[in-house]
Amino acid sequence: MRHYHPITPYLFIGPMIGGLLLFRIGPIFASFLMSFTNWNIRTNPTWIGLANYQELLSSDVFWLVLRNTFVFVLTYVPGAMILGLLMALLVNQKLRGIAFFRGLYFMPFITSMVAVALAWNWIFSTRYGVLNGILTTFFGVQRGPAWLSDTNLTLWVLIVVSIWKSAGFQMMVFLAGLQGIPQNIIEAARIDGANRLQMFRHIVLPLLSPVTFFVLIVSIIDAFKTFEVTYTMTQGGPRGSSSTLAYFIYQNAFVYQRMGYASSIAYVLVLLIAIVTIANFWVRRYWVAQQVN
Amino acid sequence: MNAAIVRRTVSAVTARAHSYYALHTARRLLIYALLLLVSVFTIFPFVWMVSTSFKSAGTIFALPPQLIPDKLFQPGMFDNYTEVLYRYDFVRYTANSFFVSTMTGIGQVFTASLAGFAFARMRFRGRNALFAILLLTAFFPTEVTIIPEFLLGARVFHPILQPIGGWMNTFAPLIVPSFMVGSFGTFLMREFFSTIPLELEEAAIIDGASVFQIFRSVYLPLSLPSVTTLFLLSFINNWNELLRPVLYIRSRELYTVTLGLTTFKGEFESAWNLLLAGSVIAILPLLIIYVFAQRYIVQGIATTGLRG
């Protein structure tokens with residue numbers, strides 16, 4: 001197609017580029033600069049160099065939040081991925097009604113976190129919650145744990161709820177990957193006498209690895225960004241025990257109104273995501289099968 | 001003798017067939033059992049949510065907790081729902097969410113299909129670089145961009161737009177950002193437009209159609225499934241969006257359903273039957289859309305890993 005004015009393509013991408021500049025690229029640079037300032041929303045910003053970052057490094061709360069974030073990432077990612085893969089294997093069958101189950105398992109992923117978090121809040125309620133009710137009735141536990149106020153438990157509750165909510169997503173992506181594996185390869189392995197476990201280990205997993213890589217990247221980024229579940233279920237508490245970086249940013253920016261300090265935390269988050277993602281691309285060739293065309 | 005062999009063979013074959021069949025049935029039952037087990041884990045919170053939403057205030061704290069709600073099929077069964085919908089204004093919140101989500105959906109389709117078309121089918125300087133930047137910026141979490149976005153709104157847009165109602169505490173900050181940028185949407189549309197055979201547009205060019213006419217009358221109609229997917233994903237994302245409503249909306253009459261729910265929770269800490277009726281109201285519209293458009297939604301999310 002050559003029948004257009006050289007300006008025309010820019011008209012087509014114009015709205016997108018405008019939005020990109022105003023709401024993405026502009027803010028990305030702005031928050032970087034802001035991280036070197038002291039900016040309470042009512043006053044004008046003052047340049048304070050690296051002071052925000054220095055404050056972060058000497059803040060106990062920051063290290064607690066950082067630790068929580070890593071615990072979250074390191075448990076949520078394998079949890080959601082393994083559960084998602086198992087669910088994908090389970091629903092990758094030719095059975096009557098299988099589409100119904102697939103639809104059902106995916107359902108939590110599209111529902112509002114606020115709404116389901118309320119239900120989980122109620123389930124985990126210490127005195128009247130159904131979970132502790134079940135523990136008392138069927139397992140004779142006298143007093144169930146205080147799931148949402150015990151500092152040793154809150155983060156784990158958030159992790160479980162997050163895995164519950166997103167496992168259907170990991171499942172769907174794995175399922176698409178499983179269905180893309182050519183049937184004749186599986187057939188050939190069967191004829192060669194491979195058992196199910198061998199086929200899974202030596203054929204399915206390697207062929208699935210590009211999909212696994214995609215799921216891994218997306219899941220890690222999601223875990224680092226976790227906010228809504230924290231906001232609705234625990235508000236990061238008690239005493240910061242369930243706070244993670246994204247929530248900590250929100251809290252500093254919009255509760256304590258420390259825009260500059262919050263921006264420096266945001267850049268720590270960006271840095272972490274970048275390092276982990278680049279590291280993943282780096283080690284990719286050691287375990288991800290190459291596309292052969 | 002021959003007949004004996006045949007008989008023996010036949011019986012051996014049928015025995016094997018039977019055991020194979022039995023194995024098959026056992027395996028099948030096992031799979032169904034597992035499927036049901038996972039279903040329980042998946043839907044239990046929903047079941048409990050619905051059950052609680054049909055309980056009266058007096059019975060939500062019953063010990064041990066009851067699965068079958070006391071108001072079920074009793075007069076006044078939907079009392080909690082009518083109370084939440086009318087007294088606590090969830091009718092309005094739901095309508096607001098509908099408006100915001102529809103507008104962002106339309107916006108996404110508009111900008112992403114235009115940009116996707118240009119990236120797929122036009123040549124211009126900086127095309128690949130711009131596309132790369134568009135995808136790269138999607139990796140920056142909202143938490144990074146939201147602070148400058150908020151300040152830009154409060155300090156620049158709000159004063160400028162003051163004569164026509166301002167920016168803060170309006171729907172504009174909920175709609176405009178996702179109206180204008182959508183990396184995954186553009187990606188989705190570009191992928192789709194690239195698959196359309198060039199011969200189709202050549203015929204249109206011979207007929208003397210302009211680029212925009214070709215886009216509108218050749219490409220857009222063909223891309224209806226992708227457009228539907230894009231619209232629905234954007235609708236869902238914005239329906240569930242929490243952060244921007246929390247930051248920008250102050251007046252109750254502008255609350256979205258997610259903001260309404262969180263505020264409601266702060267005010268009625270222990271009215272679980274009402275809170276969960278509100279949750280059901282927040283979830284139900286999406287669930288209905290999901291049931292009817294599952295194919296589009298699942299495909300779109302599984303191929304782009306999409307949010308935003």
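A residue is termed buried if 20 or more other C-beta atoms lie within 10 Å of its own, exposed if 12 or fewer do, and partly exposed in between, with C-beta atoms placed from the backbone. By this criterion, 42% of the 308 residues of chain B are buried, and in chain A buried residues make up 44% of 293. The structure is a predicted model, in which local features need pLDDT of at least 70 and side-chain atom pairs count only at pLDDT 80 or more, while totals for chains, interfaces and linings use all residues. Residues are numbered from 1 along each chain as its sequence is written, and chains are lettered from A and ligands numbered from 1 in the order in which they are written.

Secondary structure was assigned from DSSP runs, numbered from the N terminus, with helices (H or I) of at least four residues and strands (E) of at least two. Chain B contains 13 helices and 0 strands, and its elements, read from the N terminus, follow the order α-α-α-α-α-α-α-α-α-α-α-α-α. The radius of gyration of chain B, 27 Å, is well over the 19 Å that the globule rule gives for 308 residues, so the chain is more spread out than a compact globule; the radius is taken over C-alpha atoms, and the rule is 2.2 Å times the number of residues to the power 0.38. The C-alpha trace of chain B spans about 100 × 70 × 35 Å along its principal axes. Two residues are taken to be in contact if their C-beta atoms, placed from the backbone, lie within 7 Å. Of the contacts in chain B with a separation of 6 or more, 75% are accounted for by residues 24 or more positions apart.

Chain A comprises 12 helices and 2 strands, arranged from the N terminus as α-β-β-α-α-α-α-α-α-α-α-α-α-α. Its C-alpha atoms occupy a box of roughly 75 × 75 × 35 Å along the principal axes. Among contacts in chain A between residues at least 6 apart in sequence, 68% join residues at least 24 apart.

Between the chains, 75 residues of chain A are in contact with 68 residues of chain B. On the side of chain A that touches chain B, helix H1 (residues 8-34) of chain A gives the most, with 19 residues. That side of chain A has 57 nonpolar, 15 polar and 3 charged residues, where Ala, Val, Leu, Ile, Met, Phe, Trp, Tyr, Cys and Pro count as nonpolar, Asp, Glu, Lys and Arg as charged, and the others, Gly among them, as polar.

One helix pair spans the two chains. The axes of helix H5 (residues 113-123) of chain A and helix H12 (residues 257-267) of chain B come within 9 Å and cross at roughly 30°, which means that H5(A) is roughly parallel to H12(B). Axes are lines fitted to C-alpha atoms, for helices over the stretch in contact, and angles run from 0 to 180 degrees between N-to-C directions; angles under 35 degrees count as roughly parallel, over 145 as roughly antiparallel, 65 to 115 as roughly perpendicular and the rest as oblique. A:Val114, A:Ala115 and A:Leu118 of H5(A) form the contact with B:Thr258, B:Leu261, B:Thr262 and B:Lys265 of H12(B). These residues divide into 4 nonpolar, 2 polar and 1 charged.

Within chain B, the axes of helix H3 (residues 90-121) and helix H6 (residues 172-180) come within 7 Å and cross at roughly 20°, so H3(B) is also roughly parallel to H6(B). B:Val100, B:Met103, B:Thr104, B:Gly107, B:Gln108 and B:Thr111 of H3(B) meet B:Leu174, B:Ile175, B:Ser178, B:Phe179 and B:Met180 of H6(B). By class, this contact has 6 nonpolar, 5 polar and no charged residues.

Individual positions were also examined. B:Asn169, located in the loop between helix H5 (142-161) and H6 of chain B, has a positive phi of about 60° although it is not a glycine. With 14 C-beta neighbours inside 10 Å, B:Asn169 is partly exposed. A:Gln235, in the loop between helix H10 (228-233) and helix H11 (245-255) of chain A, likewise has a positive phi, near 50°. A:Gln235 is partly exposed, with 14 other C-beta atoms within 10 Å. A:Leu245, in helix H11 of chain A, is buried, with 27 other C-beta atoms within 10 Å. Beyond residues up to four places away in sequence, A:Leu245 touches A:Val65, A:Leu66, A:Thr69, A:Phe224, A:Ile265, A:Val268 and A:Leu269.
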